[in-house]
Amino acid sequence: MSSESPTGRASARSKRSDALRNQQALLAAAAEVFVASGVDAPIRRIAAKAGVGTGTIYRHFPTRADLVTAVYRHQIEECAEAGPVLLAGADSPVVALRQWIDLFVDFLVTKHGLADAMQSDSSGFAALHGYFLDRLLPVCGRLLDAAVDAGEIRAGTRPYELMRGIGNLCIGGGDPQYDPRHLIELLLCGLQRHPSE
């Protein structure tokens, strides 16, 4: 028979959930800093944004590649989990699709520079890319199918094509006159069915 009390188990669960919340806050802070300053931003800036010491970051993520990978995975999960929620709560499937694509673009902006940060670990990057496709292609597919079934967009667009196209539009090379969101809006307008169709 275990000597651990129910209170002890509850306390351990509470500590684990606090640690998970703290880690999620740290990853969210790192993502914000990466968007503003790229993945080479100083760790102390991320620590300050998260309200923790640099030692805390290094304890969880011994290398920069570990931190970048964790941020990337965290954002993949957020994007994947948002799809069904948006579909359930939006006024229409096409609105949910647009909202999800907006989150996807935010994610793509955050991952800028990931390949450079992980260049020494090509197998790790390949595994991460596989995870990205496994988690996000089905979500995008479900949103597209719902919009097609509702008669809001044309049939025939595959999730991979749409996500790849959006990804390509997001490669702006730092040109301040280039606005990928404007071009993505044109792409989405092209997908929509018109009343005469």
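Colleague: How should I read the exposure of Arg135: buried, exposed or in between?

Modeller: Go by relative accessible area: under 20% is buried, over 50% exposed, and partly exposed is in between, using a 1.4 Å probe and protein chains only. Arg135 has 28%, so it is partly exposed. Mind that this is a predicted model, where local features need pLDDT of at least 70, side-chain atom pairs count only at pLDDT 80 or more, and totals for chains, interfaces and linings use all residues. Residues are numbered from 1 along each chain as its sequence is written, and side-chain values use heavy atoms, leaving out hydrogens and water.

Colleague: Which residue forms a salt bridge with Arg135?

Modeller: Side chains of opposite charge can pair when their charged atoms come close. The cut-off here is a Lys or Arg side-chain nitrogen within 4 Å of a carboxyl oxygen of Asp or Glu. For Arg135 the partner is Glu77, with the closest N and O atoms 2.8 Å apart. Arg135 sits in helix H7 (residues 122–149) and Glu77 in helix H4, 58 residues apart. Helices are DSSP runs of H or I, at least four residues, numbered from the N terminus.

Colleague: And how many salt bridges does that rule give?

Modeller: Six. One of them joins Arg98 and Glu185 at 2.6 Å, N to O; Arg98 is in H5 (residues 93–110) and Glu185 in H9 (residues 180–191).

Colleague: What is Asp102 paired with?

Modeller: Arg181, at 2.3 Å between the closest N and O atoms. Asp102 lies in H5 and Arg181 in H9, so this pair ties together parts 79 residues apart in sequence. Asp102 and Arg181 are also in a salt-bridge network with Asp106.

Conventions
Helix = DSSP H or I, 4+ residues; strand = E, 2+ residues; numbered from the N terminus.
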